[in-house]
Amino acid sequence: MKLRILPIATTAVVSVALLFGGWFAYRHYGVEQPLDRAAAKVPGVESASSNMNADNVTIKVKLSDSADLADVYRTVKEEGARAIGSKSLKLIAENSDNEALEKIWRSALFDVAQAMDRKEYTAIRDAMAKLQEQTPGLTASTEIDEENVYISLRLSGSAKFVILPRQGEQLEVWPNA
């Protein structure tokens, strides 16, 4: 029996292409796009895009200045529960390019990092209240749940949103701060 290399190689290539192509198509059209649509429907979300890997789901959202960050996180987690499954959800809020807000946030970063390290979360609220007193027109809000601390800073039509995980990883700076 003589084996023909060309038909076998062609069959193998087509099989692999169908298998992996089908898997990528399912992941994109069956999981990521519905998750993007669910996130985009949340009040305060202007746009959303997701990316999945084996351990977690990362969703980048562009929020309106009046968005409630903690509510957005909870709603995305509830609405996308089927797509997220047992993976961890990482929400990254894109911020406006307001240099004044960045400077204000950097001035409070040490106090916030120290409070997170010591797990003294009321110190974060105190630091935000201190920022409000020092900066006219600044509105700072903080919320906490069992997973994250949510900080929103608003100044003259711009907003900065920060999500800090309560279970910080060792030797790592918050990537979304």
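Me: What is the relative accessible area of E147?
Reply: This is a predicted model in which local features need pLDDT of at least 70 and side-chain atom pairs count only at pLDDT 80 or more, while totals for chains, interfaces and linings use all residues. Residues are numbered from 1 along each chain as its sequence is written, and side-chain values use heavy atoms, leaving out hydrogens and water. Buried means under 20% relative accessible area, exposed over 50%, and partly exposed in between, with a 1.4 Å probe and protein chains only. E147 belongs to the partly exposed class because its relative accessible area is 29%.

Me: Which residue forms a salt bridge with E147?
Reply: The closest N and O atoms of E147 and its partner K77 are 2.5 Å apart, and a salt bridge asks for a side-chain nitrogen of Lys or Arg within 4 Å of a carboxyl oxygen of Asp or Glu. E147 sits in the loop between strand 4 and strand 5 while K77 sits in helix 2, so the pair ties together parts that are 70 residues apart in sequence. K77 is partly exposed, at 32% relative accessibility. The salt-bridge partner of E147 is K77.

Me: How many residues apart in sequence are the parts that E143 and R74 tie together?
Reply: E143 and R74 form a salt bridge whose closest N and O atoms are 3.8 Å apart. E143 lies in strand 4 (residues 139–144) and R74 in helix 2 (residues 69–79), so the pair ties together parts that are 69 residues apart in sequence. E143 is partly exposed at 33% relative accessibility, and R74 is partly exposed at 32%. The separation asked for is 69 residues.

Me: Is K160 buried or exposed?
Reply: K160 forms a salt bridge with E102, with 3.1 Å between the closest N and O atoms. This pair links distant parts of the chain, since K160 is in strand 6 and E102 in helix 4, 58 residues apart. E102 is partly exposed at 22% relative accessibility. With a relative accessible area of 3%, K160 is buried.

Me: How many salt bridges does the structure hold?
Reply: Among them are E143 with R74, E147 with K77 and K160 with E102. The total in the structure is 4.

Me: What is the radius of gyration of the protein chain?
Reply: Helices (H or I, at least four residues) and strands (E, at least two) are DSSP runs, numbered from the N terminus. The protein chain has 5 helices and 6 strands, in the order α-β-β-α-α-β-α-α-β-β-β along the sequence. The chain is more spread out than a compact globule, because the globule rule gives 16 Å for 177 residues and the value here is well over that.

Me: What box do the C-alpha atoms of the protein chain fill?
Reply: Of the 177 residues, 36% count as buried. Taken along the principal axes, the box is roughly 85 × 35 × 30 Å.

Me: How much of the chain over residues 6–26 is helix?
Reply: The UniProt record (an unreviewed entry) places the feature "transmembrane region" at residues 6–26, and such annotations may be inferred rather than shown by experiment. The end C-alpha atoms of this stretch are 30 Å apart.

Me: Where is F24 placed?
Reply: At 48% relative accessibility, F24 counts as partly exposed. The place of F24 is residues 5–40, which is helix 1.

Me: Which residues is I59 in contact with, leaving aside its neighbours within four places in sequence?
Reply: I59 is in strand 2 (residues 56–63), and it is buried, with a relative accessible area of 0%. Its C-alpha atom is 7.9 Å from that of D36, 23 residues apart along the chain. Counting contact as heavy atoms within 4.5 Å, the partners of I59 are L35, A39, A48, S49, S50, V76, L89, K90, L91 and I92.

Me: What is the phi of S156?
Reply: Most residues other than glycine have a negative phi. S156 is found in the loop between strand 5 (148–155) and strand 6 (158–165), and it counts as exposed at 66% relative accessibility. Although S156 is not a glycine, its phi is positive, at about 40 degrees.

Notes
The radius of gyration is taken over C-alpha atoms; the globule rule is 2.2 Å times the number of residues to the power 0.38.
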